Amino acid sequence: MARELTFSNAINEAQRQAMEVCTDVVILGQLVDTPAGIFGTTTGLVEKFGRDRVQDFPVSENLMTAAAMGASLTGIRPVIVHQRLDFMIYSLDAIVNWLSLWRFKSNATSNMSVTIRAVVGKGWGQGPQHSKSLHAWFAHVPGLRVAMPSTAYDAKGLLLESIFSDCPTIFIEGRSLFSMKASVPEQPYRLRFGQAAVRRSGSDITVVTVGMMMPIVLRAAADLAYQGTSVEVIDLRTLSPWDKTKVLESVAKTKRLLVVDPAWRSFSVAAEIIATVAEAVGDLLAAKPARICLPDSHTPMSSALEKLYYPNEEDVKTTIARLVS
């Protein structure tokens, strides 16, 4: 029987179970060995597995990534934890110029099984240096897999899949999701990449989203159902690869598309999805595709301005109403 776990506890459990199953799994990151444990996601792991397998690391993200890559070549399966995705930028050289192309350069004879967890902040004045959601950057790079779960169930299954995969993975976690609960099986399980979830079936419009925007879209869809609008909600779950087939099948049915992407509008994942749909089934569309993204501006520190910066349920409902009218 599934129990209810928070998103952060599901991540914690996935790492614990991975470490129990395989002694090669290690956790690296600044303050991962503290009681707070990166918002609770690593709490208790150092007490259970010791400091050889749960290691604090100096403030040197590029060095940490390089160390993890070297360890992976000896058979270790490192999980790197960044308290904010913004800090991960310091390790872009290691990620883009080495980690992503190692398998390609070795003609698939050598792998770097590195999982990089990165938290994206939102709320209570995170400001521009703690809130950048750069998933489109990493999805653009061949050789990297990118996960962006929206539920505790997906967080556990996708993280276990990431850890035991032979491909390097960028695992992006929305901080605003950490306290949200869902039914999560106690036993270990893995979710395959490239398989989107239909969170709500509908016939009038397809809404594709990912990560922290999923709860907002679902609430908007529920409200619109009372007004007679049937919204199909697709949660991509992973961006590289992403489930083109499921999205195209849904849009062919509803003939309308809205993409809600928690990142800047220009050159976004939303733009890629809309382009793919337009190329494949554009002649079937009854309305122009639309997208809701973050403004092409940095996140304000002020709580009042931050509320205006992030899309909400009313933004989603207004856009859907325009598309189905």
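Leaving out neighbours within four places in sequence, Gln 15 is in contact, meaning heavy atoms within 4.5 Å, with Ile 27, Thr 41, Thr 42, Leu 45, Val 79, Val 81, Arg 117 and Leu 159. This is a predicted model, where local features need pLDDT of at least 70, side-chain atom pairs count only at pLDDT 80 or more, and totals for chains, interfaces and linings use all residues. Residues are numbered from 1 along each chain as its sequence is written, and side-chain values use heavy atoms, with hydrogens and water left out.

Gln 15 sits in helix H1, residues 7–21; helices are DSSP runs of H or I of at least four residues, strands are runs of E of at least two, and both are numbered from the N terminus. Gln 15 is buried, at a relative accessible area of 0%, where buried means under 20% with a 1.4 Å probe, protein chains only. A polar atom of its side chain lies 2.7 Å from the backbone oxygen of Thr 41.

Now the sheet. It is open, with five strands in the order S9-S11-S10-S13-S14 and mixed pairing; two strands pair if DSSP finds at least two bridges between them. Strands S9 (197–200) and S14 (290–294) are the edges, each pairing on one side only.

S13, residues 257–264, pairs with S14 in the parallel sense over four bridges. Val 260 stands opposite Ile 292 in S14.

Helix H12, residues 269–281, lies across S10 (205–209), S13 and S14, and runs at about 155 degrees to S13. Axes are lines fitted to C-alpha atoms, for helices over the stretch in contact, and angles run from 0 to 180 degrees between N-to-C directions.

Technical notes
Buried means under 20% relative accessible area, exposed over 50%, partly exposed in between (1.4 Å probe, protein chains only). A polar contact is a pair of N or O atoms within 3.5 Å; within protein, one must be able to donate a hydrogen and the other to accept it, and residues adjacent in sequence count only if both atoms are side-chain atoms.
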